[in-house]
Amino acid sequence: MVVRHPVDSVVAASLARRFGRESGLSAASSAEVALVVSELATNLVRHTRQGGTVELWREDAWLCIRALDRGPGMTEPERLFAGREGRPGPLPGESLGEGGAAVRRLTDEVRVSNREGGGLEVFARKRMTREARRTW
């Protein structure tokens, strides 16, 4: 899904929840996938001028999520997952700054890297339960 506007984040999260359920995830795990997609999509809108894309697919025992943007990238991409360590909270108008940390907590594997030519790629995956794997 292409993400350029705040409403796209809501639509992407809704589609991710439905995809998770249709893939065999529990309601709780599907809600976690929706939250991960919402956080990644929100970052695409908030931190890049051109937005980006969020992709979901099934691969063996995994539900995979990838967010790609065309923004400036990051000097230290791994800081995306740090949260706001040492700060008491957001300033007025700021986000909680915990989106990357939430993505890390709610998935089994996540990595972020600068893309050749600019932007970031965030790849995360969540293991399907044994019950979900049997549905395919």
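Q: How many bridges join strand β3 (residues 62-69) to strand β5 (residues 120-127)?
A: Before we count, note that this is a predicted model, in which local features need pLDDT of at least 70 and side-chain atom pairs count only at pLDDT 80 or more, while totals for chains, interfaces and linings use all residues. Residues are numbered from 1 along each chain as its sequence is written, and side-chain values use heavy atoms, with hydrogens and water left out. Strands (E, at least two residues) and helices (H or I, at least four) are DSSP runs numbered from the N terminus, and two strands pair if DSSP finds at least two bridges between them. Strands β3 and β5 run antiparallel, and the number of bridges joining them is seven.

Q: Which strands stand at the edges of the sheet?
A: Strands of a sheet pair through backbone hydrogen bonds, either parallel or antiparallel. Here, five strands make an open sheet with antiparallel pairing, in the order β1-β2-β3-β5-β4. Two of them have a single partner strand each, so one side of each is left without a neighbour in the sheet; they are β1 (2-3) and β4 (109-114).

Q: Which helix packs on the sheet, touching β1, β2, β3 and β5?
A: The contacts (heavy atoms within 4.5 Å) reach β1, β2 (52-59), β3 and β5. The helix direction makes about 10° with that of β3, where axes are lines fitted to C-alpha atoms, for helices over the stretch in contact, and angles run from 0 to 180 degrees between N-to-C directions. The helix, residues 27-47, is α2.

Q: What distance separates the end C-alpha atoms of α2?
A: The expected span of a helix is 1.5 Å times one less than its number of residues. For the 21 residues of α2 this should give 30 Å, which agrees with the model, where the end C-alpha atoms are separated by 30 Å.

Q: Which residues does L40 contact, leaving aside its neighbours within four places in sequence?
A: L40 is one of the buried residues of α2. The cover over the buried residues of this helix includes β1, α1, β2, β3, α3 and β5. L40 itself is in contact with I65, A67, V103 and V122.

Q: How many of the eight residues of α3 are buried?
A: The buried residues are G99, G100, A101, A102, V103 and L106, and they pack against α2, β4 and β5. Helix α3 is thus mostly covered, and the number of its residues that are buried is six.

Q: Is S9 buried or exposed?
A: S9 lies in helix α1. Not counting residues up to four places away in sequence, S9 touches V3, S38, A41, T42 and V45. Its relative accessibility is 5%, so S9 counts as buried.

Q: Which residue in the turn between β4 and β5 has a positive phi?
A: Strands β4 and β5 run antiparallel, joined by six bridges. They form a hairpin with five residues between them. The residue with a positive phi, of about 95°, is G117.

Q: Which residue forms a salt bridge with R66?
A: The structure holds five salt bridges, and in this one the closest N and O atoms are 2.8 Å apart. R66 lies in strand β3 and its partner in strand β2, so the pair ties together parts that are 11 residues apart in sequence. R66 counts as partly exposed at 24% relative accessibility.

Notes:
Buried < 20%, exposed > 50% of the residue type's maximum accessible area, 1.4 Å probe, protein only. Salt bridge = Lys/Arg side-chain N within 4 Å of Asp/Glu carboxyl O.
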